[in-house]
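The paragraphs below lead through a two-chain structure one region at a time. Keep the sequence and the 3D view open while reading.

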Amino acid sequence: MTGAATDPAALPRHRHLLDFAAWSAADVVALLGRADVMAQVLTRTIKKVPALQGFTIATLFFEDSTRTRLSFERAARAQSADVIGFAAGSSSLKKGESLRDTLRTVDQLQVDLYVVRHPAGGAPYQLARWTDAAIVNAGDGRRAHPTQALLDAYTMLKRFGASGGGKGAEGTGRRGAEGADPERPFAGKRLTIVGDIDHSRVARSNIELFTKLGGEVTLCGPATLVPAEFGEVPGVRVVARLEEAVEGAHAVMGLRLQQERMSAGLLPSLSEYVARYQLTEKVMRLACEGAILMHPGPLIRDVEIDSALADGPRSVIEEQVANGVPVRMAVLYTLLVGKG
Amino acid sequence: MSDHQAEDPTGSEPTSKRQSPSRSRTSARRGASGPRTVLRRARLASADGLSEPTDVYVRGGLVEGFDLGGAVDLELDAREQLVTPAFIDLHAHLRDPGQEVKEDLASGLAAAAAGGFGTVVSMANTTPPVDDPGLVTDLVRRAELIGQARLRPAATVSVGMRGERLTDFAALKAAGAVMLTDDGIPIADAHLMRRACEYAAELGLVIQTHSEEPRLRADGVMNEGRVSRELGLPGNTASAEAVMVFRDTEIARLTGARVHIAHVSCERAMRVAEWQRANGAPITIEVTPQHLTLTDESLRAFDPVFKVAPPLRTAADVAHLKEALRRGAVDNIGTDHAPHTLAEKERDLLEAPFGIANLEVTFALLYTRLVLTGELPLAALLRLLQGGPASVMGWQAPTLTPGAAADLTVIDLESELPVQGRSFKSKAKHNPWEGERLRGWPRLTLVRGNVCYDREAGDR
């Protein structure tokens, strides 16, 4: 979309994407700019470039996931990388084998980059200590899901139109970004996340990234799912009432509510949750004009979000999924080629 | 075995005593004229610091006297280093029987000697658990043959550690068990805990508790708090420990049983335990080296070597535990040496087992971190490893007076050396302090007058 995005010197050089601790705001903004270029590729008749030809990417999924894995595979193949996949459900990756032994085996296949999903927080860090390949965290326990946060940020930049100052991340800028800090594209923006924050890697990564890019985050949900310690993070506040949390928000994100939270005694009942925390058009009217509705999926209709709202004009849920591909293309390219 | 040693449980070995009734006081005295060893230039700890260099004579497994002169069979040089009674650890997982891939009696007792320990109470959460007198007898007999640090086995409180039915306390005691504990698994059933305490009180047995309320602790793999929230790892709240310490100390008060609270890790639990003791609960308090030197911030490395139960707490908790040490509120340092295989510790943080292997690093770690920093006098640290644990068990405090058991260790307080797991006698080489430069390394350990560890010569 812009020349800046293709200038290699402007791109971050990282071997891993485990979370955003090792990524500066400028790195992320440049990466989102590159995603814009990738999005263009996907509008062509032939949706494929040879950028990653000769690289081997392995999806190493210790936890079931179809959507994320498909998105990564699409992102890899659109750049002509070879993709091999391992799933924990198959007999090879059983509980009991050490993480390191599993990696030892797979590492013999000359993999350049692993896309890792694991039920335990920190597992991608452990793997990163033991391999020379790059690692992309595709979700570790409750801890982090950085590519989801990146695609959410990308989606918000597009919709907010205030990203113009970024290094290439112009988005669909409705107004110029004169004087705006290019490394704080979410300055003055508020993201409200509703639901099971404590068990959510999506929430943690969004908190980390949205505040890194200058925005403020409001968390809302029952106290059993939203521990007060989250409010100690700079730029983050915890609000009990849904109406108060949504008021003035530029984006509102629902989270998946897992049935097992009820059996674990964290919630009295689904109906009580729906009555107090379901996102509806009515509550969304308290948000900023044009505020968008997001959800990382999978969505349980009429629980986390009222169906009419989920299918209505505010909803960017399908855009999020679509944006996942160019964003992950940019991640893979940056780690494999951008590392020099 | 002499009667003297029988009075001092660090020296008594019940099975052999039973099996050798013919050994009288007289013959034991005659035994004391056996091989004679001198430890030259020893500096003994006293109230005023270290003594002038002294030659310590050992004969027949007992301290014979000082600067006696005369012919010896073995001459050792203490090089004007600290010579002190070998330490007592009331809390070590030696994994034998059944988990020998992690540790066994030979490696565990050698590790103990290398750490300056002359006596170890082995935990009973083995495979099978030590819930049967035959298992106790077997452990005692095998440890004697190994001839390293002395083994004083613990047995379980409940059959199979299932928390349902009491084991045969009297028979276990007769076989040589010195302590009852289901350590590793908290006793969830308060009623069972009460009956265990009543029964143990009558027999004069110490019950050691792993005090964590299981439902409140839940699936936590690290301390619950700001760090666990940030890392998204399941937390284990300090309140789970405080609640259970209250219950266990209250049951101790109710029954009059001697309850030893293992590995108190946090300020809340320490406050509860101290309050209960001040109000008449007959309890004793243990703290581990890891809870005095590490915090939950360590988990940011995402390395299961830091996964331990109770979990590493906050810096404020560590400060409170140190303050409790200084006030003399803690009875003993127990290592909670808990070896696992490297492969087990290379699993993920949810699956990897709890435990830190530390027998060989404990003294140097605490000497460097607490004594050299001026936070704790050397005499206080020694008390927590000698007279303190002995008192918990109702044993005589170990001394180096003539006639006492010749269990002693020589400690090099000067040389600063890095922690090197690969040189551990323990099968578990990985540890949280790898590479840290420490002073206060045990150099020579004698148990029953025999050299069990010599840092320079290796095994004997």
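In chain A, helix H5 passes helix H6 in a right-handed crossing. This is a predicted model, and the geometry described here should be read as such. The axes of helix H5 (residues 146-160) and helix H6 of chain A come within 8 Å and cross at roughly 55°. On the H5(A) side, the contact is made by A:Pro146, A:Gln148, A:Ala149, A:Leu150, A:Asp152 and A:Ala153. Helix H6(A) contributes A:Val202, A:Ser205, A:Asn206, A:Glu208, A:Leu209 and A:Phe210. Sorted by class, the residues of this contact comprise seven nonpolar, three polar and two charged.

What else does H6(A) lie across? Helix H6 (residues 201-212) of chain A lies across strands S6 (190-194), S7 (216-220), S8 and S9 of chain A, and runs at about 170° to S6(A). These strands belong to an open sheet of five, with parallel pairing, in the order S8-S7-S6-S9-S10 of chain A. Its edge strands are S8 (236-239) and S10 (292-294) of chain A, each of which pairs on one side only. On average, and with direction ignored, neighbouring strands of this sheet are turned by 20° against each other. At one end of the order, strand S9 (residues 251-254) of chain A is joined to S10(A) by three bridges, and the two strands run parallel. Within this pair, A:Val252 stands opposite A:Leu293 of S10(A).

Some totals put these elements of chain A in context. Chain A has twelve helices and ten strands. It is 340 residues long, and 51% of these count as buried. Among the contacts in chain A with a separation of 6 or more, 72% are between residues 24 or more positions apart.

Helix H6 of chain A also takes part in the contact between the chains. In that contact, 22 residues of chain A meet 14 residues of chain B. On the side of chain A that touches chain B, the elements giving two or more residues are helix H3 (99-107), helix H4 (123-130) and H6 of chain A. By class, this side of chain A has seven nonpolar, six polar and nine charged residues.

Chain B has an open sheet too, made of eight strands with parallel pairing in the order S7-S8-S9-S10-S11-S14-S15-S16 of chain B. Strands S7 and S16 (332-333) of chain B stand at the edges with a single partner strand each, so one side of each is left without a neighbour in the sheet.

How many residues of helix H4 of chain B are buried? The count is ten of its ten residues. Among them are B:Leu105, B:Gly108, B:Leu109 and B:Ala114. The covering elements include S7, S8, H5, strand S9 (150-155), strand S18 (437-447) and strand S19 (450-454) of chain B. Just after H4(B), B:Gly116 takes a positive phi of about 90°.

The loop leading from strand S7 (87-92) to helix H4 (105-114) of chain B contains B:Pro97. A cis peptide bond, with omega about 10°, joins B:Asp96 to B:Pro97. B:Arg95 lies in this loop between S7 and H4 of chain B, and its phi is near 65°, a positive value in a residue other than glycine. Most residues other than glycine have a negative phi, and most peptide bonds are trans. B:Arg95 counts as buried because 27 C-beta neighbours lie inside 10 Å.

The peptide bond from B:Thr127 to B:Pro128 is cis, with omega near 0°, and B:Pro128 is in the loop between strand S8 (117-122) and helix H5 (133-146) of chain B. B:Phe302 has a positive phi near 50° and is found in the loop between helix H12 (289-293) and helix H13 (315-327) of chain B. With 24 C-beta neighbours inside 10 Å, B:Phe302 counts as buried.

Definitions and conventions
Residues are numbered from 1 along each chain as its sequence is written. Chains are lettered from A and ligands numbered from 1 in the order in which they are written. This is a predicted model: local features need pLDDT of at least 70, side-chain atom pairs count only at pLDDT 80 or more; totals for chains, interfaces and linings use all residues. Two strands pair if DSSP finds at least two bridges between them. Helices (H or I, at least four residues) and strands (E, at least two) are DSSP runs, numbered from the N terminus. Axes are lines fitted to C-alpha atoms, for helices over the stretch in contact, and angles run from 0 to 180 degrees between N-to-C directions. Two residues are in contact if their C-beta atoms, placed from the backbone, lie within 7 Å. Ala, Val, Leu, Ile, Met, Phe, Trp, Tyr, Cys and Pro count as nonpolar, Asp, Glu, Lys and Arg as charged, and the others, Gly among them, as polar. A residue is buried if 20 or more other C-beta atoms lie within 10 Å of its own, exposed if 12 or fewer, and partly exposed in between; C-beta atoms are placed from the backbone. A crossing is left-handed if the near helix is turned anticlockwise from the far one by less than a right angle, and right-handed if clockwise.
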